[in-house]
Amino acid sequence: MHGSLTILGFSAMRKSAAIIKPGEYLLILLKPYSSIASLPQILSLDSEPVDLSAQLLSILSRPNWQKHPSLRKLLPSLTPSHVSSLFAFNLDPQTALSFFNWIALRPGFKHNVHSYSSMLNILIRARLLGVAEKIRISMIKSCGSIEDVLFVLEVFRKMNADGEFKFKPTLRCYNTILMSLSKFLLIDEMKTVYLELLNNQISPNIYTFNAMVNGYCKIGNVVEAELYASKIVQAGLHPDTFTYTSLILGHCRNKGVDNAYEVFLIMPQKGCQRNEVSYTNLIHGLCEAGRINEALKLFADMTEDNCCPTVRTYTVLIYALSGSGRKVEALNLFNEMKEKGCEPNVHTYTVLIDGLCKENKMDEARKMLSEMSEKGLIPSVVTYNALIDGYCKEGMIDDAFEILDLMESNSCGPNTRTYNELICGLCKKRKVHKAMALLNKMLERKLSPSLITYNSLIHGQCKVNDLESAYRLLSLMNENGLVPDQWTYSVFIDTLCKEGRVEEAGTLFDSVKAKGVKANEVIYTALIDGYCKVGKIDVAYSLLERMLNDACLPNSYTYNVLIEGLCKEKKMKEASSLVAKMLTMGVKPTVVTYTILIGEMLKDGAFDHALKVFNHMVSLGYQPDVCTYTAFLHAYFSQGMLEEVDDVIAKMNEEGILPDLVTYTVLIDGYARLGLTHRAFDFLKCMVDTGCKPSLYIVSILIKNLSHENRMKETRSEIGIDSVSNVNSVDIADVWKTLEYEIALKLFEKMVEHGCTIDVSIYGALIAGFCQEERLEEAQGLVHHMKERGMSPSEDIYNSLLDCCCKLGVYAEAVRLVDAMVENGLLPLLESYKLLVCGLYIEGSNEKAKAVFHGLLSCGYNYDEVAWKVLIDGLLKRDLVDECSELIDIMEEKGCQPNPQTYSLLIEGLERT
C-alpha cells in the first residue's frame, strides 16, 4: 500500500518541479507605451517589485517627489529590478530620467544593465538620443559578468536593427563594447561585432584596433593580434603604447617571454613610452616562466624609465616570491611597498595570507586578515577560501567555520570552492554526516557540486567504512553529468583493498579502461598495495609490468608499497634489489623507502645493519623524518634499551623534528610497559602542551598501567622491570571491560601531578572506552564529573553516549541525548539515528520514532544520506517496510526531497521486501 503511495508521491513531485517558482526570471519584452516590442528586460515574477514599483509610480506622479516622505522609507528596499518594473509603466521620459539620475546618487544603489536598458527604452522612444547615447555607454561599462555582456549585446543588436527602436551604434559605442567583450574573453563575439562595424560602413580607429589586439593577446593568440596590429599601419595610424603593451601580454600568455622582451625593447625605438603596465606585464611573464631574478632586475629598472611600480607590480612579484619559497623576500617587498606609499590591495593581502596558510602559520594569516579590515579593505571570497583551506588542512574545522560565518556576515557569499574545502576538511576528520549536510547548503545556494565535491564525499564515506554509500554517491555523480576520474576510482580500489576485497578491486580496475578512464600511477599503486598486503607479491609484480607496458611510469610510492610488501614477506634481498631498480628507472628512493628497510631490519633485531642504512641515507643528503626516528624508538623500547631511546629523543630535539601521534604513542607505551609511569606521564604532558590530542589507545595504555599499579599496591608488591610481563598480562582491548571507575579518576590525579592540562579530549577518550564496552553508568559518571568542573560534553562524547544507549536499548535516554545535542547545535551521527529509530519501532514506540525522525529532518542533514542510512540500511534491512513507507511520507510532507536516484532505491527496496 505504502509502496504505491510513494510512487504516486514521487510522480507528483516530479510534475510540480516543472512549475515556475516565485523569484525565477523570464526574459520578456516590456511594452510601456504600445504593443510594439522594445528592448529586452528582466521582469521578476515576484509580486514585491511590482508592488513597490506601483508605489513609486504614485509618488513620482506628484510634484516635488524627491521630498516625499514615503520615498525615503522605500529607498533602502529599492533595487535595479524595481527601477526596471517602474519604467514598464507609462512614465513621463523627463520624470523617468530625473528619478534614474537621482537614485543613482543614493549611497548603496548601483544601476545594472537591466535598469540601464529600461531607461534606454524610454529615451529612445522619446527620441532623446543625446542622453540615450550617454546611458548606452554607461550600460556597456556597467557589465560585471559574461551574462551582463551578452544581455547588452542583445540590446546593442536590437538598436542596430530597423524598426521603431532603431538607434544606430556610434564608433565610440562599438569600441566600448569591443573592450567589454575583450575583458570577459568573449573573443568570437568580439570578432563578430568588429565585422558588424565594418558592415555598417564605420571606419575603425586606433581604439578599435587596440581592442581587437588586446582581446586576442589575452588568450595568447599573438598571430591574430599581430594581424590587427598590422591593420593599424594599413589604416595610416601608428601603434601606440597600449598596442605594444598588449603584444607583450600576448607573448607572455603564449609562453614566449623572450618575444615579449623584444617588443618591450623596441618600444622606445618606435617612439612609444613604456608605462607601468608594460613593465608589469613583462615582469609577470618572467615570474610565470620561473625567471624571478630577471623580473626583480626589471622591477629595479622601472624608476630609471620614469615608471613607478603599481600595486599590481608589487603583487605579481610577492606572489612569485611566496610561491617559490622565498617568503622573507616577499614580506620585505610587502613592507617596502607600504613604506613607498603604495597601499596593498585585497589581492596583495590575499597572496600573503595564502602563503602563510600554506606554511601552516594560521595565527599570522588571521592577523593579516584583521589588518585588511582595519585598512577598510573588504576581503574577497578568494581571501576567505585561503584561510578556510588552511584551517581545514590543519584539522581546525571550528576555526574554518568561524571564517565561513565571518564571510557571510560581511555579505561575501561562499562559492563551490569554499564548500569543497570545508567538505574535504570534514571528511578528513571523519565528520561525513556534516560534509553531506554541506552538500545540501550548496544546492540551496544554487551552487553546482563539482567532481571535487563528489570525490571528497566518496573518500569520506570510504573513510568511515561505508562503501555502499560511496557507491550511491557515484550514482548521483553520474546522474548529475559528472564523469568519475582516476582519483574517484583510486579511492574505491584503495578502500576495497583495505577491506581485504582485493579480487573485487581487481575487477573494478579491469573495468576502468572500458569506462574511458586511463589507469594512472595512483590507481595502479592502490591495487599493487592491496595485493602486497594480502601477500600476493607475484600478482603485485605482474601489475608493475603491466603498468610499464601501459606507458604509466611508477613513482616512488609505487616502489615503496612493493618494497614494504617484500619486507613483510621477509624478502629483504629482493627489496634491496628493487631499490636499485628504482634508480635505473630514474626514480629516486625517498626517506620513506629507507625507513621501510630500516623498520624491517629493526624488527629482525639487525640494529647494526639498520644503523648502516640510516647513515647511508644521511650521507646521500636525505633528512630522516619523524617516522624514521619512531621506528628506532619502537625497536629500542622492545629491547629495553633506554639509553638508546634517550639518544634518539636528543637527536630529534637537535634536528627540530617534532613527535607526532604515533611517536607519542610509542614513547608513552614504551615507558609504561617498562613500569616507568612517571616518564610516560612526562611525555603525555609534552603531547598535550603541543596540542596533540591523546588517542583512546594512549589513554588505554595509561589506564592499564594505573590498574596494574593499583593491583600491585593491594598485594603490597613492588613494581620493577622484572614485572613487565605482569603489566602486559591484560590486553589493551580488555582494559575497559574490567576497569574500575576509581582508576579513571586516578588518571586525572596523575595528570595533575605531572602538570598536564585535563581537557574535554581526555574525558572523551575515557567515555569512549567505557561506551565501547557498553558501560553506560560509568560513562555518565564521567560526564557528571566533567560538568562539575565547568566543561561541556563535546559532539564526540554525546555520540559515544548515544551509540551506547542505542546498543543497550535504553531508547528513552537516547532520545534525551538527541534533544540535548540538537539544543546545543550538535549533530548526532546518522548511524545512531538509524539505531534509535529502528529500536523505537521494534519496541513498538512508533510515535516516538516518528517524532525523532521529524526532528532529524530539521537538522540540515543531506536527505539522500538520511534515506540511505536510516530508511534503506536501517528500516528496510530489518524488514520494517510499513514503517519505512511511513517515514517516506513524512519526508514528502516536509518537502525533504531526496534525489530521484535515491527514490528509485527506496521503491526497489519497498517492492523487494
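I searched the whole structure, a predicted model, and found 24 aromatic pairs.

Phe637 sits in helix H35 (residues 626–638) and Tyr671 in helix H37 (residues 661–673), 34 residues apart, so I noted a link between distant parts of the chain. Both Phe637 and Tyr671 are buried.

Next came Trp736 and Phe770. Centres lie 5.5 Å apart with planes at 75°, so this pair is edge-to-face too. Trp736 belongs to helix H41 (residues 735–738), Phe770 to helix H43. Trp736 is buried at 1% relative accessibility, and Phe770 is buried at 0%.

I also noted a cluster: ring pairs join Phe607, Phe614, Tyr629, Phe632 and Tyr636.

Then I checked charges over rings. The charged end of Arg136 is over the ring of Phe167, 3.9 Å from its centre. Arg274 lies over the face of Phe264, 4.1 Å from the ring centre.

I turned to helix H45 (residues 795–808). Its 14 residues should span 20 Å at 1.5 Å a residue, and the end C-alpha atoms are 20 Å apart, which agrees. Ten of the 14 are buried, so H45 is largely enclosed by the rest of the structure. The cover over its buried residues includes helices H24, H43, H44, H46 and H47. Gly809 follows H45, with a positive phi near 80°.

Last, confidence. The chain averages a pLDDT of 89. Over residues 1–37 the pLDDT stays under 50. Residues 716–730 are also below 50.

Key. Residues numbered from 1 in each chain as written. Predicted model: local features only at pLDDT ≥ 70, side-chain atom pairs only at ≥ 80, totals over all residues. Heavy atoms only, no water. Helix = DSSP H or I, 4+ residues; strand = E, 2+ residues; numbered from the N terminus. Expected span 1.5 Å × (residues − 1). Buried < 20%, exposed > 50% of the residue type's maximum accessible area, 1.4 Å probe, protein only. Contact = heavy atoms within 4.5 Å. pLDDT = per-residue confidence, 0-100. Phe/Tyr/Trp six-rings, centres within 6.5 Å; stacked < 30°, edge-to-face > 60°. Lys NZ or Arg CZ within 6 Å of the ring centre and 35° of its normal.
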